[in-house]
Amino acid sequence: MCITPYLVENSANLYYAENYYNENSEVDFLSFKEFLESIKFTEGKEIEFKIFEEWFNRNRQNTKIKHSYKLYEEFKGVLTGYSIDKEYLTKDDYLNLGVKQSVFLNSEREQVYDLFEKYLKFINENNYFDSNIVSFKLLEYCKPVYDFIVIDEVQDLTNVQLYLILKSLKNPVNFILCGDSNQIVHPNFFSWSHIKTLFYKNEIKGNEIHILHTNYRNSATVTDLANSLLKIKNARFGSIDKESTYLINPVSSGKGEVLLYDDVPKIKQELNQKTKTSTKFAVLVMSNEEKAEWLFKFLFIP
């Protein structure tokens, strides 16, 4: 199970390609959305970042909060999702969080919570739903039906989503969690320390930790660059948790190459022309604003 349907589909294809059959076992490959629907159907459509950003842009002029993605992360990983005891934090709960428990400064949280209340009203009035809030509501309906669960990309799940999944186990120790907290796609304020705290407070047994030190995908030069960036990140901001500070050793026989270019339109256009029809290249950007710039200014140049 994981958040992304594409990964689920590919995992299923790989599994069935082996032509393995055991009449005593039955395997389900589920995205998290499909898992929610297997418990109880939720009316409406899950709110995604694109819709959230459109909503935020309509409210931007009334607040000093300017970064939509940062706000989205706060809503999805702090105000909802982190606690398994309530749908979302009360205003007092939120204002009293520690410095490292929120994306925003203490002085900004009043405005954040005001926006959050407007967000709740928006989704309720427009037939959207928040998957964290739905996950909490479904806790009472979730039954132990699985003998074993494997969760991939666990860093894209919130506490309440993970807790709901594990609640469906017949034996609460039969699970494997796989993930990388340096590779978060869905904003949720994830860390392995949060998972450990969740397990400790709810007596979930998950004590064996295995850390992968080997990179099977990238060349030596690319892996060295990734390791260097991780060192800089940890030196500047500190590590998310100790499991996320380990450096990786590549096994690829190819050395690879890393090139740096000036950030000017002519070079961007040239790169676009050379790489736009290939799946062997990726464009990495620092923010959603830069992502939009690349998509609309350079990836669709006639």
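**Entry 1: aromatic pairs**

I began with Tyr-20, which counts as partly exposed at 49% relative accessibility (buried means under 20% relative accessible area, exposed over 50% and partly exposed in between, with a 1.4 Å probe and protein chains only). The model is predicted, so I note that local features need pLDDT of at least 70 and side-chain atom pairs count only at pLDDT 80 or more, while totals for chains, interfaces and linings use all residues. Residues are numbered from 1 along each chain as its sequence is written, and side-chain values use heavy atoms, with hydrogens and water left out.

I then looked up Tyr-15, which is likewise partly exposed, at 27% relative accessibility. For ring pairs I took Phe, Tyr and Trp (its six-membered ring) with centres within 6.5 Å, calling planes under 30 degrees apart stacked, over 60 edge-to-face and the rest tilted. By this rule I find 23 aromatic pairs. The rings of Tyr-15 and Tyr-20 are one of them, and because their centres lie 6.5 Å apart with the planes at 75°, the pair is edge-to-face.

Phe-75 and Tyr-119 make a tilted pair, with 5.0 Å from centre to centre and 50° between the planes. Since Phe-75 belongs to helix H4 (residues 68-79) and Tyr-119 to helix H6 (residues 109-125), this pair ties together parts that are 44 residues apart in sequence (helices are DSSP runs of H or I with at least four residues, strands are runs of E with at least two, and both are numbered from the N terminus). I also noted that both Phe-75 and Tyr-119 are buried.

**Entry 2: helix H6**

I checked the length of H6, whose 17 residues should span 24 Å at 1.5 Å a residue, and the end C-alpha atoms are 24 Å apart, which agrees (the expected span is 1.5 Å times one less than the number of residues). The buried residues of H6 include Arg-109, Val-112, Phe-116, Tyr-119 and Ile-123. What do the buried residues of H6 pack against? I find helix H3 (49-59), H4, helix H5 (91-95), strand S2 (128-129) and H7, where contact means heavy atoms within 4.5 Å. Just after H6, Asn-127 takes a positive phi of about 60°.

**Entry 3: nonpolar cores**

For cores I used sets of buried Ala, Val, Leu, Ile, Met, Phe, Trp, Tyr and Cys residues joined through side-chain atoms within 4.5 Å. The largest has 31 residues, and Leu-162 and Phe-199 have the most contacts inside it. Elements that give two or more residues to this core include helix H2 (32-39), helix H7 (131-138), helix H8 (159-166) and helix H9 (192-201), and H8 gives the most, with five residues. Leaving aside neighbours within four places in sequence, I find Leu-162 in contact with Ile-151, Val-154, Leu-177, Ile-195, Leu-198 and Phe-199. Another core, of 24 residues, lies apart from the largest one and has Phe-56, Tyr-94, Leu-97 and Leu-120 among its members.

**Entry 4: Ile-211**

I located Ile-211 in the loop between H9 and strand S5 (214-215), where Ile-211 is partly exposed with a relative accessible area of 30%. Not counting residues up to four places away in sequence, Ile-211 touches Glu-243 and Tyr-246. Ile-211 and Tyr-200 are 11 residues apart in sequence and 20 Å apart in space, C-alpha to C-alpha.

**Entry 5: the whole chain**

I count 12 helices and six strands in the protein. Of the 302 residues, 33% count as buried, and the C-alpha trace spans about 60 × 55 × 40 Å along its principal axes.
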